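This briefing covers pockets and aromatic contacts. Please read it alongside the sequence and the coordinates.

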Amino acid sequence: MGKDRDKDKDKELTSKNEMKLSQEFYKKAQELFKDYPKRVHALLPLLHMIQKEQGQISDQAMEEVADLVDVAITHVQGVVTFYTMYSLKKRAPNYIGVCTNLSCWLRGSKELSQSLLKMIDEEKDFKGKFHLEETECLGACDHAPVALCNEKYMEDANLDDLKDWCLAKCSKDK
Ligand code: FES
């Protein structure tokens, strides 16, 4: 019984260590700090780096980054849970956010998002590569419907262009 508990503890520690931030991350963070008057001002780009590197923002990562910028972990948790670009759970490597607020909705974004979801589900090459979600206003309403594809905006978005973007991402991964 005790041994089993030790094994579980070991497993827990191993998986926590796997989520540790890399040396590469710490190096990039030091570079980034040069551009900001205070370390805490670099919190958002640091979190973007973690999301990209690990596909999520784990508890371990939040602890480490809170230490690094010298704020309470609750501050980091508040930021991570406020912005949809960050996720506590592991996500597929490519993010697509389709805005379904009024202007985009009036220009068919709900249907676009549903068709895109169907396409991602059905297309064998797309499996596990894209995380799709509907978002609030992305601030580019005059080009509705708008999608956020990783860090880039796709304005006047349509299914063909989104499919091309997905295909380009897949061929880059090969
Ligand atoms: S409503 Fe979609 S970008 Fe503003």
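The model is predicted, with local features needing pLDDT of at least 70, side-chain atom pairs counting only at pLDDT 80 or more, and totals for chains, interfaces and linings using all residues. Residues are numbered from 1 along each chain as its sequence is written, and side-chain values use heavy atoms, without hydrogens or water.

**Largest pocket**

- A pocket is an open set of points on a 1 Å grid over the protein atoms alone, where a 1.4 Å probe fits and protein lies on both sides within 12 Å along at least five of seven lines; lining residues have an atom within 4 Å of a point.
- The volume of the largest pocket is about 520 Å³, where volume is the space filled by probe spheres set on the points, which are joined across faces, edges and corners.
- Its lining comprises 20 residues, and those nearest the centre are Lys52, Pro93, Asn94, Asn150 and Glu151.
- At least two lining residues come from each of α3 (43–54), β1 (94–99) and α8 (159–173); helices (H or I, at least four residues) and strands (E, at least two) are DSSP runs numbered from the N terminus.
- The largest contribution is that of α3, with five residues.
- Domain 1 (2–82) and domain 2 (94–173) each provide at least three residues of this lining, with bounds from an automatic or database domain assignment.
- The lining has nine charged, six polar and five nonpolar residues; Ala, Val, Leu, Ile, Met, Phe, Trp, Tyr, Cys and Pro count as nonpolar, Asp, Glu, Lys and Arg as charged, and the others, Gly among them, as polar.

**Second largest pocket**

- The second largest pocket holds about 180 Å³ of space.
- Its lining consists of Leu44, His48, Phe82, Tyr83, Thr84, Met85, Tyr86 and Glu151.
- Five of these residues are nonpolar, two polar and one charged.

**Aromatic rings**

- There are five aromatic pairs in the structure; rings of Phe, Tyr and Trp (its six-membered ring) pair if their centres lie within 6.5 Å, with planes under 30 degrees apart stacked, over 60 edge-to-face and the rest tilted.
- Phe25 and Tyr26 form an edge-to-face pair, because their ring centres are 5.6 Å apart and their planes lie at 85°.
- Phe25 is buried at 1% relative accessible area, while Tyr26 is partly exposed at 24%; buried means under 20%, exposed over 50% and partly exposed in between (1.4 Å probe, protein chains only).
- Phe82 and Tyr83 are also paired edge-to-face, at 4.9 Å centre to centre and 90° between the planes.
- Phe82 is exposed at 62% relative accessibility, and Tyr83 is partly exposed at 38%.
- Phe82, Tyr83 and Tyr86 make up one aromatic cluster.
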